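Subject: Structure for your review

Dear colleague,

Please find the structure below. The notes that follow it set out what was found.

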Amino acid sequence: MIDIPTRRTATVAVAIGIAIVWVSVITVLIAHQPDPGVGSPGQLREGLTAALNEHDAEALSELIDYPPASAGDFAKSYLDALAGRGAHDVTVKFAPDDLAPTSATVSGKLADGRAFGYPVAVAVKDKLWLISFTPPLP
């Protein structure tokens, strides 16, 4: 005698199948995310300057040394804090030199006209250049 599956059994089987496919797709997408960073210090300086001046959280999240799952949220809150202070005319200068920097100074002007500046660390991971926002915001 052959058992014919009930509607409930078929529904549960389909739900389990969908869940397995969904978990598999998410796993593959996470595994194939590109590592953050850029190929040269010059690209890092240009990208960071543009992201900070344009308040582009997505671009900033691709340049920072931060856990990938949280980088977007961190970048957004970071840029919101700068925007809240009216930061503009942001520049990035590397030290000790432009070809092999170990730190950068982010500087610019606030809404009230005062200048601000703060240091950040420059990191290299797997030949990709990144910014590490370890100091606090101005």
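Predicted model: local features only at pLDDT ≥ 70, side-chain atom pairs only at ≥ 80, totals over all residues.

Residues are numbered from 1 along each chain as its sequence is written, and side-chain values use heavy atoms, with hydrogens and water left out.

Salt bridges

A salt bridge is a side-chain nitrogen of Lys or Arg within 4 Å of a carboxyl oxygen of Asp or Glu. By this rule there are four salt bridges, and three of them are described here.

- Lysine 76 pairs with aspartate 80 at 2.9 Å, N to O. Both residues lie in helix α4, four residues apart, which is about one turn of the helix. Aspartate 80 is partly exposed, at 43% relative accessibility.
- Arginine 45 pairs with aspartate 98, their closest N and O atoms being 3.5 Å apart. This pair links distant parts of the chain, 53 residues apart: arginine 45 is in helix α2 and aspartate 98 in the loop between β1 and β2. Both are partly exposed, arginine 45 with a relative accessible area of 24% and aspartate 98 with 42%.
- Aspartate 112 pairs with arginine 114, with 2.7 Å between the closest N and O atoms. Aspartate 112 is exposed at 51%, and arginine 114 is exposed at 53%.

Helix α2

Helices (H or I, at least four residues) and strands (E, at least two) are DSSP runs, numbered from the N terminus. Helix α2 covers residues 41-54, and its 14 residues should span 20 Å at 1.5 Å a residue; the end C-alpha atoms are 20 Å apart, which agrees. The expected span is 1.5 Å times one less than the number of residues.

The buried residues of α2 are Pro41, Leu44, Leu48, Ala51 and Leu52. They cover an arc of only 100° around the axis, so they lie on the same side of α2; the arc is that of the directions from the helix axis to the C-beta atoms. The face turned away from this buried side carries the exposed residues Glu46 and Glu54. After α2 comes histidine 55, whose phi is positive, near 55°.

Yours sincerely

Notes
Buried < 20%, exposed > 50% of the residue type's maximum accessible area, 1.4 Å probe, protein only.
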